[in-house]
Amino acid sequence: MKLEINGRPVLASPGDTIYSAAKKAGIAIPGLCSSDDLAPFGSCRLCLCEVEGQSGLPASCTTPVREGMVVHTESERLNRLRRNIVELYLSEQPAGDRAPESLQWLAKSLGLRQVRYPQPSHRQDVVDRSNPFFTFDNAACISCARCVRACDEIQGTHALTMLHRGFASRPVAGAASLTGEEAAGFASSNCVSCGACVKECPTGALMEKTVAEQGPPERTVRTTCAYCGVGCAFDAGVGDGTVVNMVPADDGPSNQGHACMKGRFGWTYNYAPDRLRVPLLRQGNQWVEMSWPDALDRIAHEWVRLRDTYGPDALATISSSRGTNEENYLFGKFMRCVVGSNHIDNCARVCHSATVTGMMDTIGASAATNSIQDLDLAKLVLVVGANPTESHPVVGARIKQAVRRGAALIVIDPRRTELARLADLHLQLHPGTNVALLNGLGHILIQEGLIDQDYVRDRTQGFEEWVKVVESCTPETTSKVTGVPAHLIAEAARRYATSGGSMAVHGLGMTEHRWGSHGVMALVNLALATGNIGKPGTGINPLRGQNNVQGASDVGCLPTFFAGYQPFDNPELAAAHLAITGRPLPTTRGMKTPDMWDAAIAGTLKSLWIIGYDVAQTDPNLKKVHAALKSLEFLIVQDLFLSETAKLAHLVIPGASFLEKDGTFTNLERRIQRIRKAVEPPAGVLPDWQVVCEVSARMGYPMWYGHPSAIMDEIAQLAPMFAGVSYDRLEAPEGLQWPVPSKEHPGTSLMHEHSFPKGKAQFVAVDYLPPGESPTETYPLVLITGRILQHYNCGAQTRRTGIMQVVDTDVLEIHARDAAQLDLHDGEIVRLVSARGEARLPVMVSDRVQPGELFTSFHFPHTDLNVLLSSSADESSKCPEYKVSTVRIEKVLPAGTPATPMRVMLIT
Ligand SMILES: Nc1nc2c(c(=O)[nH]1)N[C@H]1C(S)=C(S)[C@@H](COP(=O)(O)OP(=O)(O)OC[C@H]3O[C@@H](n4cnc5c(=O)[nH]c(N)nc54)[C@H](O)[C@@H]3O)O[C@H]1N2
Ligand SMILES: Nc1nc2c(c(=O)[nH]1)N[C@H]1C(S)=C(S)[C@@H](COP(=O)(O)OP(=O)(O)OC[C@H]3O[C@@H](n4cnc5c(=O)[nH]c(N)nc54)[C@H](O)[C@@H]3O)O[C@H]1N2
Ligand SMILES: [Mo]
């Protein structure tokens with residue numbers, strides 16, 4: 001569509017407003033209430049314009065473009081009106097320099113020298129400091145409602161509302177938004193501190209506390225968040241050599257300017273007083289500080305000694321999915337070239353290893369088939385065993401946006417999560433019964449002729465075997481096993497098959513089970529039967545957990561594959577490996593993490609080097625893990641903090657955080673993105689990749705790289721799926737989605753469009769098998785463990801931030817019926833007992849769980865939660881059964897004891 005703005009020809013798309021078309025053409029129109037990320041609102045009136053042949057002065061942000069329109073956005077008449085508007089705004093503000101900078105700047109640019117109306121402000125004196133991360137000062141507010149709209153349209157939490165009218169109008173959070181009465185503030189509302197309101201505020205009425213205290217940043221550095229796998233792009237604001245704020249980037253491909261509490265405000269652990277700064281050596285019960293050269297010498301000395309005495313099987317590493325691709329590749333290289341084994345694993349083992357097995361056996365590739373942006377295209381979103389509004393909040397918010405635009409939502413989860421409440425259908429199955437339920441859906445597809453016959457014929461094999469298995473899975477039998485009413489099973493199958501594009505996302509509720517990989521296969525079977533793979537807005541999309549768990553596995557921190565998921569016995573790879581590294585590639589598969597515990601207890605594994613992974617808190621069956629760690633001759637732990645695992649180490653090496661180093665992370669949609677050094681690490685602290693280079697050199701195999709980019713070049717040489725990846729290409733804000741088979745290849749946002757890696761995809765028929773444990777008289781309740789929004793995994797990072805003011809404990813959620821039966825009340829401390837041990841924590845009555853089932857998180861070490869869990873795991877992948885344990889509850893304190901104060905916020 002063509003129009004003219006200020007005498008210039010402008011091309012616009014249908015759906016553009018005059019404001020957005022002008023902006024794209026580089027014509028700035030003043031405005032305060034409009035935002036690229038929000039629907040047009042037209043409240044500030046600053047962007048008004050003249051349209052030839054039309055009377056009146058429309059707001060350009062709410063006026064749609066028309067073919068041939070002739071528009072003027074600059075004229076003396078318009079400027080005079082704008083001056084008057086800004087003057088009115090300023091008349092409500094504190095006088096002179098105390099007025100918001102953006103208004104002062106506008107006044108200056110419009111030539112407004114003096115405010116003729118009486119000041120000071122008409123605005124009510126309201127300051128809300130109750131949120132731990134930002135303040136609201138009504139004096140600087142212009143009531144443009146961008147904050148309210150951001151909370152509704154971007155985050156979908158609806159925590160804010162505009163209260164009162166006229167001069168008295170202002171945004172409020174909390175009880176006021178419901179009752180119209182005075183607000184108790186952000187802290188008492190359902191605000192999730194995503195910071196969208198702060199980012200949208202045009203005047204600084206909403207402001208980060210760190211900025212208020214430290215002043216605005218002097219410069220910004222584009223980087224990628226280091227919490228979950230969404231991979232949000234951020235601009236780290238730096239002032240005086242320290243980070244001042246983290247602002248989500250509008251051109252971030254996976255977050256589009258949005259963020260969550262942890263990424264936006266949870267980075268202050270970087271400055272925690274107990275950050276590790278020097279290497280620590282255990283001497284008896286004491287830690288003694290060590291110089292860096294001595295510490296590196298010591299590792300090399302111990303590892304040479306143990307390797308030469310006992311052979312390479314005495315040594316193993318567990319690498320960090322929190323670290324960069326380059327760091328992870330180098331740890332793999334170190335094990336393969338220096339130690340001569342494949343004894344390396346990463347936390348994907350306890351997380352999505354069952355996805356890897358389940359997708360490899362069916363599709364032939366284990367990563368997300370589609371991209372996050374496909375959520376905008378999906379007609380139906382199927383969320384299976386994932387809680388994205390807490391675990392991947394930016395994806396969660398995007399799913400809520402999809403629902404608002406009309407997409408259907410089906411949630412399969414034993415708990416009533418926030419998305420389950422929003423869903424068209426919530427299939428509230430019993431934990432551990434995914435295979436039964438998904439097979440039951442398959443049964444309906446066949447019974448009702450909902451199979452995509454062409455797709456099945458052209459692109460798959462093994463369909464008949466699958467039909468044989470699901471034939472017996474009638475809605476009635478499925479309902480009996482899963483607890484899901486038969487009509488919901490039928491309805492879900494129909495909707496999934498007929499939506500016109502169904503996109504599945506799944507999480508640990510699928511994988512962390514005794515039969516986790518079977519669950520993933522059962523889900524893939526449904527997608528294949530309905531033709532929902534290889535098209536935009538469809539697919540099988542594991543919501544990978546850690547910032548770089550995808551990458552750590554991609555670059556070969558696995559005992560079963562080399563970088564790029566190449567099998568060790570590939571002769572071409574062996575030749576390339578020898579040519580590039582000078583050492584042969586060991587061909588024997590290495591130990592998986594649980595095998596390492598067994599080997600340590602058996603005495604064959606003598607030393608473990610663990611980087612950024614708190615196994616002593618987060619692995620299952622902790623008594624066993626602790627026994628294994630304690631039986632090692634030399635445990636090396638490299639971390640930012642003295643984690644529970646570090647406390648058991650012989651030598652602790654400090655790490656540099658993501659803000660302090662260069663590298664890349666790969667997010668849950670296979671997108672490789674840069675992280676960039678924003679600030680210096682604590683004096684002397686080396687990034688993890690330099691530590692391994694130093695030790696390697698001391699062991700006789702120097703690995704010198706001038707910069708992480710050179711490490712990526714080597715990965716590109718050895719792994720065909722990264723062949724086209726290089727740092728110069730990664731400068732683009734969108735990064736690169738693998739596979740990138742050549743320098744010219746643009747990357748892959750949608751996989752399997754025309755064929756699968758093995759040609760055809762394989763239906764793998766799987767029968768339902770029960771979980772490792774079922775309730776008994778001694779242990780009558782089923783415990784589900786998982787995450788909450790506010791804290792992150794072992795909690796080492798989030799427990800060292802202002803997030804503690806929001807949530808300061810794990811809490812056991814229990815249904816009202818069970819609580820009444822056991823005479824339990826909110827805040828009471830209970831003992832949770834399993835066949836392995838016991839944990840202590842406060843209870844909270846919650847309708848997020850069903851009767852007979854319990855839920856808690858694992859973010860606080862003193863809870864001792866994982867002591868309760870068994871070593872039961874998925875057979876092929878060894879993914880632990882974190883989601884089903886049977887337990888009983890015992891009261892710790894006599895009835896009537898006052899509840900312990902606790903901070904808890906359940907997302908509903
Ligand atoms: N805030 C926050 N975000 C995180 C993390 C964190 O610790 N905190 N950790 C990151 C990591 S490492 C990971 S892997 C991801 C994990 O992200 P998610 O997979 O979302 O995590 P969980 O909460 O462990 O489990 C998801 C859901 O599975 C459900 N579930 C349990 N059993 C079953 C079952 O048998 N069937 C079905 N269908 N559902 C079941 C649970 O009720 C829960 O709602 O989150 C990442 N993001
Ligand atoms: N009960 C129960 N237990 C679970 C789960 C569950 O659902 N239920 N989920 C499991 C899952 S999916 C996972 S992934 C694990 C995660 O568990 P962990 O990986 O143990 O937990 P994290 O908090 O991610 O971080 C590990 C450590 O990395 C450090 N770190 C962060 N960045 C860096 C860095 O750049 N360099 C170095 N050297 N260190 C760094 C942190 O300080 C922290 O101590 O927990 C598992 N445990
Ligand atoms: Mo994870």
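Predicted model: local features only at pLDDT ≥ 70, side-chain atom pairs only at ≥ 80, totals over all residues.
On its own, ligand 2 exposes 920 Å², of which the protein buries 99%, with accessible areas taken from the Shrake-Rupley method with a 1.4 Å probe.

## The shell around ligand 2

Ligand 2 is surrounded by 34 residues, and the closest are Asp614, Thr618, Asp639, Asp688 and Asn866; a residue counts as near if one of its heavy atoms lies within 4 Å. This shell divides into 16 nonpolar, ten polar and eight charged residues, where Asp, Glu, Lys and Arg count as charged, Ala, Val, Leu, Ile, Met, Phe, Trp, Tyr, Cys and Pro as nonpolar, and the others, Gly among them, as polar.

Domain 3 (280–350 + 548–560 + 573–698) and domain 5 (781–891) both contribute residues to the shell, so ligand 2 lies between them; the domain bounds come from an automatic or database domain assignment.

## Polar contacts of ligand 1

For ligand 1, a nitrogen atom is 3.1 Å from an N or O atom in the side chain of Lys262, while a polar side-chain atom of Arg415 lies 2.9 Å from an oxygen atom of the ligand. A polar backbone atom of Gly385 is 3.4 Å from an oxygen atom of ligand 1. The accessible area of ligand 1 on its own is 920 Å², and the protein covers 99% of it.

## The shell around ligand 1

Ligand 1 has 35 residues around it, the closest being Ser391, Asp413, Gly432, His791 and Asn793. By class, they comprise 13 nonpolar, 16 polar and six charged residues. Helix H12 (388–391), helix H20 (508–511) and strand S30 (781–786) each supply at least two residues of this shell; helices (H or I, at least four residues) and strands (E, at least two) are DSSP runs, numbered from the N terminus.

Because domain 4 (353–542) and domain 5 (781–891) both give residues to the shell, ligand 1 lies between them.

## Basis of the values

Residues are numbered from 1 along each chain as its sequence is written, and chains are lettered from A and ligands numbered from 1 in the order in which they are written. Local features need pLDDT of at least 70 and side-chain atom pairs count only at pLDDT 80 or more, whereas totals for chains, interfaces and linings use all residues, and side-chain values use heavy atoms, with hydrogens and water left out.

Key: Polar contact = N/O pair within 3.5 Å; in protein donor to acceptor, adjacent residues only side chain to side chain.
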